[in-house]
Amino acid sequence: MLITCPYCGPRDVIEFTYQGDGNRERPQPASQDLDAWNAYVYDRLNPAGDHNEIWQHSGGCRAHLRVVRNTITHEILSTAFARGGHKSTENRAEGRS
Amino acid sequence: MAEPHLPERQSPLEPEHHPGSHGNFEHGVDVILSETRAGSILQLAAWPGEEKRLIEIIRKVTGLALPDGAGGGVNSGARAVFGFAPGKFTVVDEAEGLAQAFAGSITPAIGTLTDLSHGRTAIRIAGPKAEWVMAKFFAIDFALPAFPLGAGRSTNHHDIFAQIQRSGADQFDIYVFRSFARSFWKALCHASEEVGYEVQ
Amino acid sequence: MSPRRTETGGRIDRLRTIRFTFDGAPYTGHAGDTLASALLANGVTLFGRSFKYHRPRGVLSAGVEEPNALVTVLRGEVREPNIPATMVEIYDGLVAVSQNRTPSLAWDIGAINQLGGKILSAGFYYKTFMGPVIGPLKGTRFWMFCEHFIRRAAGLGKAGTAPDPERYERMNAFCDVLVVGSGPAGLMAAKAAADQGARVILADLEAHFGGSANWSGETIDGMPAADWAQRMVGQLGGNDNVRLLPRTTVWGYYDGNTLAALERVTDHKEVAAKGEPRQRYWAIRAGSVVLATGSFERPLVFPGNDRPGVMLAHAAERYANEYGVLPGQRIALFTNNDSAYRSAVALKKAGAAVVAIIDVRSDISNEMRRMASEAEAELLAGHAVVATEGGKALTGLKVQRFDAMSGSLSGDERSIHADSLLMSGGWSPTIHLASQAGAKAEWDPARQAFLPPKPTQRWIGAGAFTGSFSTAEAIAEGRAAGLQAAGGAASSAPLPIVEAVPGDPDPAPVFEIKAKGKSFVDFQHDVTAEDVRLAHREGFVSVEHLKRYTTLGMATDQGKNSNVPGLAIMAEALGKPIPEVGTTRFRPPYTAVSIGSLAAERFGDLKPERLTPMHDWHIANGARMYSAGLWYRPMIYGLAGETVEQAYVRESKATRESAGIVDVSTLGKIAVQGPDAAAFLDRVYTNMFSTLAVGKARYGLMLREDGLAFDDGTTWRLGEQEFLMTTTTANAGKVMQHLEYFLDVIWPELKVTVTSVTDEWAGAAIGGPKARVILAACVTGTAVDNATLPFMGIVHGRIAGVPVMICRLSFSGEMAFEVYSGAGYGTRVWEALIEAGKPFGLVTYGLEALGTMRIEKGHVTGAEIDGRTTARDLHLDWMLSKKKPFIGSAMMDREGLIASDRLQLVGVVALDNRPLNGGGHIVEELDEANPHDSLGHITACCYSPALGKYIALALVKGGKARHGTRAFVSDPLRNRFGPIEIVSNHFYDPDGSRMHG
């Protein structure tokens, strides 16, 4: 499987670390809402189809990415930096695909 | 705070560094392996939106103008710079003390400077079979159109994290963690045996 | 001249004789021969014994699909079993042996299994050996009794036990177009793509490119097809953007158009060149793939179809045309389609007598009738073979009238004298890679074959792979596929002209002749047509179940011959059409792949390892090294004659009495920099760091999001916006990822950079009553007295002329200092400290003494922060700030995490003065025969020189409440039982007076 890192271009999945379900919302740090914390820490979506995931390009630029992946076909539909602000460099990524 | 009289640093490769020709070299040596022993290896990071200012500072201090785009870089021989992650750059000087040259110019508003001169080991592979040998280690495309001159790449070989700059048409500089350097060097020598290699 | 070698023809080099042995007997062959062709040329008919019944077997095919002629190749002490003889290129000195026979191939004691054929039918093992134990020799226990004998009797080749000294390598490749298969379709595709300027890789599992062109006898562009193929290969080879990979099997098709291939680099060579790997594992990322993998001829299923001398028709044609070998002198053919007629003509031309063509079809075209005449063969239309005769070689066969519509036999049996029977049951496209790539194959009723599915990845099919079995179609499809794959426009330029014999590609839908006797479907696993029907009768209706129950298609050839006939027989038994029965999905690998090629360089000396800057000093000074993850660390610096325990006791005693020094360079070190660094650390650690003064360090604890303890370490404030975090050695990578995750995903607004600087700094911890005077003796540029360097203070100075950073902190419980210098100066500083320590009795100590002293102090490490313990369990609740939220703060007070019966950290003293073991259980009542009711377990243990006792840390229910009580250690695995006392984990200097000085 290849994941196209917005910085590094398409790379082997072995360079990446799965960092969990990308649909989770972390409660405010001071929140005492245990149900919300429980949902954040333990609940994971497991759709058969398109799924929002977080991957880290741990064997490359180390950026965390928001990845939309089809869990049936393994097709990667989109990738983007999890941290905003840095310009995406999709031109190069496309040029190298 | 210049450090003019510091002793020579110990190379992590020492016991495994054997100058001369090795492997299947009777028909010629197709790669040359060496440690560049760069004096300064720095990591510069810009906060989002501050990349342009950081690139300008790099130009002022080193005289190297970074080309646009992810992984862009330039290598002048004595100095080198390349992007390896969003907003992050590796800057290298054959002389020690480059960190002091940057001190003061990288303000907290722009980003950070981390001195990795001891922590990273720079290994150079050069020669007509450099791409072939590199392809044994890294799952990235080393062909010139895909990996242009001066450009940088972050990748890994098993647990060995590597930043790679193409410093010549058939030459690459590989920056690895110091603790892994000897292990990686041994593997690199081993992988170069079939093409014949020379250690300088 | 060998008995079966033709006078001329083939691409073997008759001037070069090659000597090899098979089962110890010397043979000769020619350069270009495979082991199979060379042995056939020598008149060898018997190649192996079958898996279950030990039936004699010959060679069935000429290629990778070979199920019978499996051999073991010996190279020195190394055995490689189960290699098809058809894929072994002979070289001088090759040593091959046959398999699954005792004592010899010709006289095999296991052949007695043939008499018990009824008993060894499908499911024999399940029925006989599974289930409840009734009586002494039934069911599972019976299996355990019989296993030894069965394992000896059944099976294939035996793996060797000698270590494999060969070199294996991995190679990463990128290309625009990967062409798999180098027959006419693949050659055309590669050429067309290369002419477009694309980067092309052409891979073929055979030694010579050309595929069927090498033996078809056809003419392309006015020249023999084999010559045309060589010309194409020559043109491709001269092209800089083409990489030719012969002997390279593409065995896996993975997501993202990533393919795996195995190149057999030196298997065909007598001696490898220096540094040349035996095999290379290619990981290929291809823009597009052209699948031109051809097709397999299918066997027919009839009684005695496994007798040596029965062969696939095209294989015989190939042996004759490519290797100049005739499989027999009197040849009969048995077919359900036209392709065998060409084989008949080819063998006639090569010098064999073709005695008969037995065709299940009664209606034969005039063209085929003409070809039968050309072969001077008697044509028996509407007939079928019902039996074969002979022992270790075929002597004859019996035929009967056959009705292809009803499958019924009639009339008298007629005997035909022949030493070779060639069969053709139609052709199956080699769709394995397309199937692996994701979609389901589709049944084509005309071709009676599964055709490749619609692509789900970026591949294009060409030639026989698509069911287009003629060379002219292959050439046209190949060029079109190559152009399309390279992004070029379709071409209207003229194509090479093919002169080939005509033939209808569609066979009659006949797979099996039902007559008395064993009819094999899967030759390699000895599965018969009757086994398939038995499975059906016993209720196995799914093709996946059928496969597992009968083991059809589960041998090393993965059903390359047996798949379709097996399905057809199953479909008939079920009364369903084949497409409704379905096919199993092909999975990687396409052929057997050596484990060595997958392990490649991550093996032995080439395994990545991490060394500290002082590594060579440790080795030179007698350290026994210990691998901690990838790191190598001194375990002890043993003196001559010392045991490990004696060494660490000496080292820790000397440290507590005078001073000791230990390499702590492996501790994880992370630079945390930026305007928000302090605020970030406040969120990451349970305790405060924003209040830490510059030039001071603080011990910190991290929790996970779920509130459990994660990691601990000291963090040093080097500047207002600059911290140096240390982590445990084992968790350095995990902590780094944890920090990066929160900065990238949760708090992207924080301006913080985190960088691994573990390798930037060499670290030496020097501790003990004399530590300060030793430092004072070698440090310049700073004082190290209590006022300048208080507990948790940091100073900068120099040792041996190089800058150092010194922090006063303690893990050993003694007054201690961590001295950090640039890694390139690590040994220099270390040696200077050793030298300065000489007058003060400084010792070097390793991990064992480090562990001993930390156990005596009751400090926790990864053994206690094990992912199940909380800060409270470890008595670290004093570190949980109430002034701020931090990672884990919301979840750490959940009911289950604060319950009073949780396992908590305690100390344990052995009352019988014997060593304790990590993992040993703590119990209230000792019951050696029936250990029960564990209160907890030991996490770390040692002999404590400070206490003069065997002690341990343990996690025990109730924790502090049990201090001063007695219990027992119960460790049945190591037979260690005995009385203990539970005490505080702070065994030694509990008020810390020694380290505070």
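## A walk through chains A and B

Let's begin with chain A, which has two helices and six strands; helices (H or I, at least four residues) and strands (E, at least two) are DSSP runs, numbered from the N terminus. This is a predicted model, in which local features need pLDDT of at least 70 and side-chain atom pairs count only at pLDDT 80 or more, while totals for chains, interfaces and linings use all residues. Residues are numbered from 1 along each chain as its sequence is written, and chains are lettered from A and ligands numbered from 1 in the order in which they are written.

Of its 97 residues, 37% are buried, that is, 20 or more other C-beta atoms, placed from the backbone, lie within 10 Å of the residue's own.

Now turn to chain B, where there are four helices and twelve strands. Buried residues account for 56% of the 200 residues here. The C-alpha atoms of chain B fill a box of roughly 55 × 40 × 30 Å along the principal axes.

Finally, look at where the chains meet: 15 residues from chain A and 16 residues from chain B take part in the contact, with two residues counted as in contact if their C-beta atoms, placed from the backbone, lie within 7 Å.

Conventions. Buried ≥ 20, exposed ≤ 12 C-beta atoms within 10 Å, placed from the backbone.
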